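Please look over the model below.

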Amino acid sequence: MSAGVQIGFSINEILALATLATGACWVAWKLRTRRLGAVPEKKPLWVSFGAELFVVVALMFTCRVAVADWPKVPSGSMEPTLRVGDYLLVNHLAYGPRLPFTNTAIVFGQPQRGDVVVFRYPLDVSEFYVKRLIGLPGDVVRFDGGAVSVNGAPFDVQVISEGTGPKVKPEDRGQWLLDETTAGNSRTIKVNPFVMGRLAPTGMGAACTIEGAAAWQCTVPPGRYLMMGDNRDNSSDSRVWGFLPQEDVYGKAVRVLFNLHDLSRAWKPL
């Protein structure tokens with residue numbers, strides 16, 4: 001079972017520390033020049049490589065945290081939509097930027113069904129996951145054999161591939177690729193024909209009714225989202241850790257920037 005996508009948190013930490021360090025140098029330099037009453041002709045190295053870089057580093061950190069991000073996908077929980085090695089363009093302005101070091105957002109919009117959403121993992125908010133938003137607050141989501149329907153709509157699933165043939169990617173061999181349309185949103189999902197969704201929604205509690213080994217129905221509580229991976233039989237998602245709180249939403253993944261192992265995926269929309 002894949003754990004989802006953990007996003008480059010360490011890079012944000014490095015940028016935060018660099019911002020603090022260069023900011024301290026900038027303040028120290030300003031205080032020194034004020035005390036001397038003039039700018040010395042020869043600047044110390046800590047000024048050239050510290051104080052003078054403060055604005056640049058601070059802008060990089062702010063943009064990465066509040067505006068856009070470029071994480072790398074390390075697992076297959078969102079295959080075939082996202083592949084291992086994809087670098088994503090994550091738009092933090094889609095729903096509103098978050099203030100650095102806080103979970104406070106300036107709301108611009110709300111996530112919609114079908115969005116590929118980046119969020120803080122509810123069981124460890126220091127990690128970031130990416131999944132597809134299946135159910136909004138109040139939605140009734142039905143699951144059967146790996147596919148979903150929302151608010152009583154009939155299941156609309158078409159088989160694209162049964163995982164055979166020369167053009168099938170190695171990670172898709174033996175897996176079924178299905179075109180799933182729900183609430184007007186269409187995407188390709190992957191299902192293991194030997195499992196077919198036999199993962200009970202243990203994390204969603206009393207909001208769900210179990211109808212069979214691979215069939216259940218859930219009503220999404222207020223202030224929560226139901227998230228699932230497109231790789232339905234290899235994804236740790238709401239079925240495992242429960243509904244996603246609205247305040248944990250971090251941004252919207254909008255494109256694959258590139259994949260060094262598959263250049264054809266560059267600038268692929270999601």
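## The enclosed cavity

A cavity is a set of grid points where a 1.4 Å probe fits but cannot get out, and its lining residues have an atom within 4 Å of a point. The model is predicted. Searching the whole structure turns up one cavity of 30 Å³ or more. The largest cavity holds about 30 Å³ of space.

Which residues line the largest cavity? They are R113, G114, L133, I134, V150, T182, A183, N185 and R187. Two elements, β4 and β9, each give two or more residues to this lining. By class, the lining has four nonpolar, three polar and two charged residues.

## The largest pocket

The volume of the largest pocket is about 400 Å³. Its lining has 23 residues, and P80, T81, R132, T188 and K268 are the closest to the centre.

How do the lining residues of the largest pocket divide into nonpolar, polar and charged? There are eight nonpolar, five polar and 10 charged.

P80 also stands out in the backbone. The peptide bond from E79 to P80 is cis, and omega is near 5°. P80 sits in the loop between β1 (68-69) and β2 (87-91).

## The four-stranded sheet

Strands of a sheet pair through backbone hydrogen bonds, in either the parallel or the antiparallel sense. Here, four strands form an open sheet, and their order is β6-β5-β11-β10. The pairing is antiparallel. β6 (147-150) and β10 (208-212) are the edge strands, each pairing on one side only. From one strand to the next, the twist averages 15°.

Now take β5 and β11. Strand β5 covers residues 140-144 and strand β11 covers residues 215-219. Five bridges join these antiparallel strands. Across from D144 in this pairing stands A215 of β11.

## The β8-β9 hairpin

Strand β8 (residues 176-182) pairs with β9 through seven bridges, in the antiparallel sense. L178 has I189 of β9 as its bridge partner. The hairpin of β8 and β9 has two residues between the strands.

A183 lies in the loop between β8 and β9. A183 is not a glycine, yet its phi is positive, at about 50°. Is A183 buried or partly exposed? A183 counts as partly exposed because its relative accessibility is 44%. A183 is also one of the residues that line the largest cavity.

## Another positive phi

N151 has a positive phi as well, of about 55°, and is not a glycine. N151 lies in the loop between β6 and β7 (157-161). With a relative accessibility of 44%, N151 counts as partly exposed.

## Aromatic pairs

A pair of aromatic rings is described by the distance of the centres and the angle of the planes. Rings pair if their centres lie within 6.5 Å. By this rule there are eight aromatic pairs.

Why is the pair of F128 and Y250 tilted? The ring centres of F128 and Y250 are 4.4 Å apart and the planes stand at 55°. Planes under 30 degrees apart count as stacked and those over 60 as edge-to-face, so this angle falls among the rest, which are tilted. F128 belongs to strand β4 (residues 128-135) and Y250 to strand β14, so the pair ties together parts 122 residues apart in sequence. F128 and Y250 are both buried.

F143 and W216 form a stacked pair, at 4.9 Å centre to centre and with 5° between the planes. F143 lies in strand β5 and W216 in strand β11, so this pair ties together parts that are 73 residues apart in sequence. Those two strands are also joined by five bridges. F143 is buried, with a relative accessible area of 0%. W216 counts as buried at 1% relative accessibility.

One aromatic cluster is formed by F119, Y121, Y129 and W241.

Definitions and conventions:
Residues are numbered from 1 along each chain as its sequence is written. This is a predicted model: local features need pLDDT of at least 70, side-chain atom pairs count only at pLDDT 80 or more; totals for chains, interfaces and linings use all residues. Side-chain values use heavy atoms; hydrogens and water are left out. On a 1 Å grid over the protein atoms alone, a cavity is a set of points where a 1.4 Å probe fits but cannot get out, and a pocket is an open set with protein on both sides within 12 Å along at least five of seven lines; lining residues have an atom within 4 Å of a point. Grid points are joined across faces, edges and corners, and a volume is the space filled by probe spheres set on the points. Ala, Val, Leu, Ile, Met, Phe, Trp, Tyr, Cys and Pro count as nonpolar, Asp, Glu, Lys and Arg as charged, and the others, Gly among them, as polar. Two strands pair if DSSP finds at least two bridges between them. Axes are lines fitted to C-alpha atoms, for helices over the stretch in contact, and angles run from 0 to 180 degrees between N-to-C directions. Rings of Phe, Tyr and Trp (its six-membered ring) pair if their centres lie within 6.5 Å; planes under 30 degrees apart count as stacked, over 60 as edge-to-face and the rest as tilted. Buried means under 20% relative accessible area, exposed over 50%, partly exposed in between (1.4 Å probe, protein chains only).
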